[in-house]
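Please read this briefing alongside the sequence and the coordinates. It takes up two individual residues and then turns to the chain as a whole.

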Amino acid sequence: MLPQLRQWGVSPSLALAATEKEGLMEKEAKKKKKEGFKSISMMERFNCRVRDLYEILLDENRWKGFTQSNAKISKEVGGEFSIFNGSITGTNVELKEAKLIVQKWRFGSWSNGVHSLVKLVLEEPEPGVTVVKLTHNDVPKDDRYGNATVVDNTERG
């Protein structure tokens, strides 16, 4: 863009200032877009092997057994999932066996087009003990019905 502006007689310093202003405007727009959203972070310990927990989270039959709810879960990056009888749907973004699960989530009660990003980091600091560090970004504060309990409900599970 700078060479084009020079061609039109605009000084490099003025062009650079305009470019910087555009960048700041984009950042402000993103910030405003994220207003009304929150991030959740938590850590939990489980008395099981990390490999077993990873498998439970990505195996629809095990998921069904543990939650007593219907599930359809892909084990592939880009694959889709539907859990808790379809109340949560999404896509696998990144998977590292027994280490990391990153998924794009959508709750059925959220406004159309709203998705969040869930990241589960799994570690086994000692045999038989798994620590899960969860970050859930872009959780809307309100659902499609105007209920402002989305974040609290999501944190409680």
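Leaving out neighbours up to four places away in sequence, Ser69 is in contact with Trp63, Lys64, Phe84 and Asn85. These contacts, like everything that follows, are read from a predicted model.

- Ser69 belongs to the loop that runs between α4 (60-67) and β2 (72-73).
- With a relative accessible area of 8%, Ser69 counts as buried, because that class takes in residues under 20%.
- A polar contact of 2.8 Å links the side chain of Ser69 to the side chain of Thr67.

**Leu58 and its surroundings**
- Leu58 is part of helix α3, which spans residues 50-58, and its relative accessible area of 3% marks this residue as buried.
- Once residues up to four places away in sequence are set aside, Leu58 touches Ile73, Ser74, Lys75, Asn92, Leu95, Ile101 and Gln103.

**The protein as a whole**
- The secondary structure consists of five helices and seven strands, and along the sequence the elements follow the order α-α-β-α-α-β-β-β-β-β-β-α.
- Of the 157 residues in the protein, 30% are buried.
- The protein exposes about 10500 Å², of which 52% is supplied by carbon and sulfur atoms.

How values were computed. Residues numbered from 1 in each chain as written. Predicted model: local features only at pLDDT ≥ 70, side-chain atom pairs only at ≥ 80, totals over all residues. Heavy atoms only, no water. Helix = DSSP H or I, 4+ residues; strand = E, 2+ residues; numbered from the N terminus. Buried < 20%, exposed > 50% of the residue type's maximum accessible area, 1.4 Å probe, protein only. Contact = heavy atoms within 4.5 Å. Polar contact = N/O pair within 3.5 Å; in protein donor to acceptor, adjacent residues only side chain to side chain. Areas by Shrake-Rupley, 256 points an atom, 1.4 Å probe, with all protein chains shown as cover.
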